[in-house]
Amino acid sequence: MVPLGVALVAAGVAGFLVLVATARGPGLGPDSLKYILLARSLAEGRGFTLAGEPVTHFPPAYPVLLRLAGISGPESLGCARYLQAAFFAINVLLAAWVARTASRSLG
């Protein structure tokens with residue numbers, strides 16, 4: 001079983017490592033840029049659109065989270081690092097929970 005303390009330390013270290021790895025800002029690939037642009041479009045009141053066209057092939061949750069966090073353009077991309085770090089730490093905690101649950105069912 002994975003002790004809770006170990007899982008919390010691992011999550012903290014994982015989040016810290018994401019912040020170290022993205023010290024110059026989060027990497028932006030084509031898809032990442034579209035999520036940022038969709039968040040900006042939401043901030044400007046144009047809805048879920050890119051270049052005036054509605055977008056239906058990108059999931060809306062991440063741009064909405066970016067918008068709610070105030071991340072809607074290149075000037076605020078630094079905040080996206082903290083969101084990434086938090087998501088990664090949560091993923092580590094979820095993986096520890098799955099491992100703990102699975103190890104209980106085996107024994």
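Colleague: Where does Ala51 sit?

Modeller: In this predicted model, Ala51 is placed in the loop between strand E1 (49-50) and E2. Its phi is positive, about 55°, although Ala51 is not a glycine.

Colleague: Which residue with a positive phi follows H2?

Modeller: That is Gly45, which comes after H2 and has a phi near 80°.

Colleague: What about salt bridges, how many does the structure hold?

Modeller: The structure holds one, and in it the side chains of Arg46 and Glu44 meet at 2.4 Å, N to O.

Colleague: Switching to helix H2, how many residues does it have, and what does it span?

Modeller: Helix H2 covers residues 30-43, which is 14 residues, and from its first C-alpha to its last it reaches 20 Å, close to the 20 Å expected at 1.5 Å a residue. The buried residues of H2 are Tyr35, Ile36, Leu38, Ala39 and Ser41.

Colleague: Why does Tyr35 count as buried?

Modeller: Tyr35 counts as buried because its relative accessibility is 17%, and the class takes in values under 20%.

Colleague: How many aromatic pairs are there?

Modeller: The count comes to two aromatic pairs. One of them is formed by Tyr35 and Phe58, an edge-to-face arrangement with 5.3 Å centre to centre and 85° between the planes. This pair links distant parts of the chain, since Tyr35 lies in helix H2 while Phe58 lies in the loop between E2 and H3, 23 residues apart. Both partners, Tyr35 and Phe58, are buried.

Colleague: And which residues make the pair with 5.5 Å centre to centre?

Modeller: Tyr35 and Tyr62 do, again edge-to-face, with 80° between the planes. Here too distant parts of the chain are linked, with Tyr35 in helix H2 and Tyr62 in helix H3, 27 residues apart. Tyr62 is partly exposed, with a relative accessible area of 27%. Taken together, ring pairs link Tyr35, Phe58 and Tyr62 into a cluster.

Colleague: Where is Pro60 found?

Modeller: Pro60 is in the loop between strand E2 (53-54) and H3. It is partly exposed, with a relative accessible area of 47%. Pro60 and Leu50 are ten residues apart in sequence, and their C-alpha atoms are 13 Å apart in space.

Colleague: On to the surface, which residues form the nonpolar patch?

Modeller: The patch is made of Val64, Leu65, Leu68, Phe87, Ile90, Leu94, Trp97 and Val98, which together have about 770 Å² of accessible area. Helix H3 (61-68) and helix H4 (77-106) each supply at least two of its residues, and the largest share, five residues, comes from H4.

Colleague: What can you say about Trp97, is it buried or exposed?

Modeller: Trp97 belongs to helix H4 and counts as exposed, at 55% relative accessibility.

Colleague: Last topic, helix H1: which residues are buried there?

Modeller: In H1 the buried ones are Ala7, Ala11, Ala14, Gly15 and Val18. They cover an arc of only 95° around the axis, which puts them on the same side of H1.

Colleague: Which exposed residues are on the face turned away from that buried side?

Modeller: That face of H1 carries Val6, Val9 and Phe16 as exposed residues. As for its dimensions, H1 runs over residues 4-21 with 18 residues, and it reaches 26 Å from its first C-alpha to its last, close to the 26 Å expected at 1.5 Å a residue.

Colleague: And Val13, how exposed is that one?

Modeller: Val13, placed in helix H1, counts as partly exposed at 43% relative accessibility.

Notes
Residues numbered from 1 in each chain as written. Predicted model: local features only at pLDDT ≥ 70, side-chain atom pairs only at ≥ 80, totals over all residues. Heavy atoms only, no water. Helix = DSSP H or I, 4+ residues; strand = E, 2+ residues; numbered from the N terminus. Expected span 1.5 Å × (residues − 1). Buried < 20%, exposed > 50% of the residue type's maximum accessible area, 1.4 Å probe, protein only. Arc of directions from axis to C-beta. Patch = residues over 30% accessible without salt bridge, like charges linked within 9 Å, V, L, I, M, F, W, Y side chains within 5 Å. Areas by Shrake-Rupley, 256 points an atom, 1.4 Å probe, with all protein chains shown as cover. Salt bridge = Lys/Arg side-chain N within 4 Å of Asp/Glu carboxyl O. Phe/Tyr/Trp six-rings, centres within 6.5 Å; stacked < 30°, edge-to-face > 60°.
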